[in-house]
2 protein chains.
Amino acid sequence: MSITEFLSTIVPFTDDELKDIASHFNKETVLKNQTLVRQGEICNSLYFVEKGMGRSYYLNENGKDITQWFFGVGKFMSSVDSFFQQTPSIYYLEVLQDATLYSISKEDMDRLFAKYHKMEKMGRLVTIEMLTKMVNKLNAIQFQTAKERYDYMLAEFPDIAYQVPLGHIASYLGMTQETLSRIRKG
Amino acid sequence: MSITEFLSTIVPFTDDELKDIASHFNKETVLKNQTLVRQGEICNSLYFVEKGMGRSYYLNENGKDITQWFFGVGKFMSSVDSFFQQTPSIYYLEVLQDATLYSISKEDMDRLFAKYHKMEKMGRLVTIEMLTKMVNKLNAIQFQTAKERYDYMLAEFPDIAYQVPLGHIASYLGMTQETLSRIRKG
DNA sequence: CTCACTTTTTGACCTATGTCAAAGGAATTA
DNA sequence: TAATTCCTTTGACATAGGTCAAAAAGTGAG
């Protein structure tokens, strides 16, 4: 799914608007395992995932790598807080498979928000969607057993669940790799 | 903090705009323990809390009451998903103390979003802030001990933590009341 | 095909927190 | 101020999932 197709599914932009908006995004081809943002850096780009997948993660006190979110095809990928507030990122952002991304800078994004009321609306709606998903994850993590959490993961990221290392999923779900391995076995 | 003061802190509205916007909010005085929205109903209003506090909660499979979020002075209170998508609410919304609220309907809110680009921007920024807070809670719940989670609660809702029943806080933090009682004792 | 490296599985044991039950305290109402 | 109800604390015990360590299974470069 291209960025213009995606935008059109959220708000009815005209062709001219779409053309202008698309012109501010840069196509990037990124190889598997490449890091886009490091902990402590300011996240300068918002990425739209046309192909491939990515994740955000951080290193905890013990240096353990904890997945915070997965980003699949047709989603915006970023260290959201860092990008929008222009503050140091808590998270690393990396690509998990060879990917095609469309990136845009904070300045350009702000210009588009300011220029097009519809773009601002798109931003609001996409953020609400993200908020809803975050609440769903929270409920899963907070009140469900390890098995149920894994089922939630399969439902939320069906395309991703079988394509990334077990450890990434386990940390995303707040359990150890050993526990997830035992759950998967049945 | 009044609704107009609050809006001004987010986006620079003119006085005329503020006046127009404020005219779409209705002041409501609500008594302690009053329910604003029930599980299964569509949440028809977004509330701004001028005075008092509220919470959203739901009843789980065993009929246990689980607090989902607290809303203090100067915040928007709603069953967000239900309000914006106009779908049945998963949550109850109730007032925990005698409160002064400013309510607005979905239609009026949409009209204001459509009329004022700045309002749309305010909506986007408030949603991002909410998203950030939700992520913070998620990290607390997912990776911290019961003691640390309680500390997070004190930091996030200092005004609320000592004014609501222990059980509401315990369920918000994903632990039992007994555990929280033991933690509090030190 | 093989060596080196990464990822997953398995086993034994441990601990934070849950569950259940009952007793104290506080607060609201008559 | 007594009665009723709600809220908090305490104790004894149970368990899901964590930790640590090692074996097994994949994967990829040469």
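This is a predicted model: local features need pLDDT of at least 70, side-chain atom pairs count only at pLDDT 80 or more; totals for chains, interfaces and linings use all residues.
In chain B, 4 strands make up an open sheet, ordered 2-7-4-5 and paired in the antiparallel sense. The edges of this sheet are strand 2 (35–37) and strand 5 (65–71) of chain B, each of which pairs on one side only.

**Sheet of chain B**

- Within the sheet ordered 2-7-4-5 in chain B, neighbouring strands are turned against each other by 30° on average, with direction ignored.
- Strand 2 of chain B is joined by 2 bridges to strand 7 (residues 92–95) of chain B, and these two strands run antiparallel.
- T35(B) has E94(B), in strand 7 of chain B, standing opposite.

**Sheet of chain A**

- An open sheet of 4 strands is formed in chain A in the order 1-8-3-6, with antiparallel pairing, and its edge strands, each pairing on one side only, are strand 1 (26–30) and strand 6 (76–77) of chain A.
- Strand 6 of chain A pairs over 2 bridges, in the antiparallel sense, with strand 3 (residues 45–51) of chain A.
- M77(A), in strand 6 of chain A, is the bridge partner of Y47(A).

**Relation and contact of the two copies**

- Chain B is superposed on chain A by a rotation of 180° with 0.0 Å of shift along its axis, at an RMSD of 0.0 Å; the two copies are thus related as by a two-fold rotation axis.
- The residue of chain B that comes closest to the rotation axis is R124(B), whose C-alpha is at 2.2 Å.
- The same surface serves both copies, in that 100% of the contact residues of chain B recur in chain A.
- The contact takes 24 residues from chain A and 23 residues from chain B, and on the side of chain B that touches chain A the elements that give two or more residues are helix 3 (80–85) and helix 5 (117–143) of chain B.
- Helix 5 of chain B provides the largest share of that side, with 17 residues.
- Divided by class, the side of chain B that touches chain A has 11 nonpolar, 7 polar and 5 charged residues.

**Helix crossing in chain A**

- Helix 6 (residues 146–156) and helix 8 of chain A have axes that come within 10 Å and cross at roughly 80°; helix 6 of chain A and helix 8 of chain A are therefore roughly perpendicular to each other.
- On the side of helix 6 of chain A the contact is made by A146(A), K147(A) and Y150(A), while T179(A), L180(A) and I183(A) make it on the side of helix 8 of chain A.
- The residues of this contact between helix 6 and helix 8 of chain A divide into 4 nonpolar, 1 polar and 1 charged.

**Surface near DNA strand D**

- DNA strand D is surrounded by 15 residues, of which the closest are T145(A), M175(A), T179(A), L166(B) and S181(B).
- Two or more residues of the surface near DNA strand D are given by helix 8 (177–185) of chain A and by helix 7 (166–172) and helix 8 (177–185) of chain B.
- Helix 8 of chain B gives the most to this surface, with 6 residues.
- By class, the surface near DNA strand D has 4 nonpolar, 6 polar and 5 charged residues.

Methods
Residues are numbered from 1 along each chain as its sequence is written. Chains are lettered from A and ligands numbered from 1 in the order in which they are written. Two strands pair if DSSP finds at least two bridges between them. Axes are lines fitted to C-alpha atoms, for helices over the stretch in contact, and angles run from 0 to 180 degrees between N-to-C directions. A residue is near a molecule or strand if its C-beta atom, placed from the backbone, lies within 6 Å of it. Ala, Val, Leu, Ile, Met, Phe, Trp, Tyr, Cys and Pro count as nonpolar, Asp, Glu, Lys and Arg as charged, and the others, Gly among them, as polar. Copies are superposed by least squares on the C-alpha atoms of residues with pLDDT of at least 70 in both. Two residues are in contact if their C-beta atoms, placed from the backbone, lie within 7 Å. Angles under 35 degrees count as roughly parallel, over 145 as roughly antiparallel, 65 to 115 as roughly perpendicular and the rest as oblique.
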